[in-house]
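Open your viewer, switch to a cartoon view and get ready to click along. We will go from one selection to the next and look at what is there.

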Amino acid sequence: MGYDWPEWALDRLRGIEPWEVMQVLTGKRPRWPRRGRDRTGASILTIWGRTNAGRPLKVAVYQASAWQWHIAAARDLNGAELAEFEQWEETRR
């Protein structure tokens, strides 16, 4: 499975480096895929995970083809999401 960045998505990153997003998507730490919706209501897949340094991020991707995904956005998990994610992480140990 491959990931790429539309130029507009890179331009919208704030406070998160592209390499941090790639660590969440391709790293060895457990990732929690969650179905969601974007601002327009379109179906999107979010991946909740941690960078190699442990930073918890939520990355939104959408499928472009059978084996290719576009990265649409990334942000830090908020308080409620982080609590839910940490609870899920406990089930992965």
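This is a predicted model. Start by selecting strand E2, residues 32-37, together with E3: the two pair in the antiparallel sense over six bridges.

Click on arginine 50 to see proline 56 of E4 opposite.

While you are in the loop between E3 and E4, select threonine 51. Is threonine 51 buried or exposed? Its relative accessible area is 1%, so threonine 51 counts as buried. Show its surroundings and look for Glu20, Gln23, Val24, Arg29 and Leu57, which threonine 51 touches.

E4 and E5 pair in the antiparallel sense over eight bridges, and alanine 60 has alanine 73 in E5 as its bridge partner.

Now zoom out to the whole sheet. Its five strands run in the order E1-E5-E4-E3-E2, and the sheet is open, with mixed pairing. Strand E1 (2-4) and E2 are at the edges with a single partner strand each, so one side of each has no neighbour in the sheet. On average, neighbouring strands are turned by 40 degrees against each other, direction ignored.

Turn to the helices. H2 lies across E1, E3, E4 and E5 and runs at about 75 degrees to E4. Helix H3, residues 79-90, packs on the sheet too, touching E2, E3, E4 and E5, and its direction makes about 70 degrees with that of E3. Why is E3 described as largely enclosed by the rest of the structure? Because seven of its eight residues are buried.

Finish inside. The largest nonpolar core has 15 residues, and those with the most contacts inside it are Val21, Leu25, Val59, Val61 and Ile71. Helix H2, E3, E4 and E5 each give two or more residues to this core. A second, separate core has five residues, among them Trp32, Leu77, Phe85 and Trp88.

How values were computed: Residues numbered from 1 in each chain as written. Predicted model: local features only at pLDDT ≥ 70, side-chain atom pairs only at ≥ 80, totals over all residues. Heavy atoms only, no water. Core = buried A, V, L, I, M, F, W, Y, C linked by side-chain atoms within 4.5 Å. Buried < 20%, exposed > 50% of the residue type's maximum accessible area, 1.4 Å probe, protein only. Helix = DSSP H or I, 4+ residues; strand = E, 2+ residues; numbered from the N terminus. Pairing = 2+ DSSP bridges. Contact = heavy atoms within 4.5 Å. Axes fitted to C-alpha atoms, helices over the stretch in contact; angles between N-to-C directions. Lists of a residue's contacts leave out its neighbours within four places in sequence.
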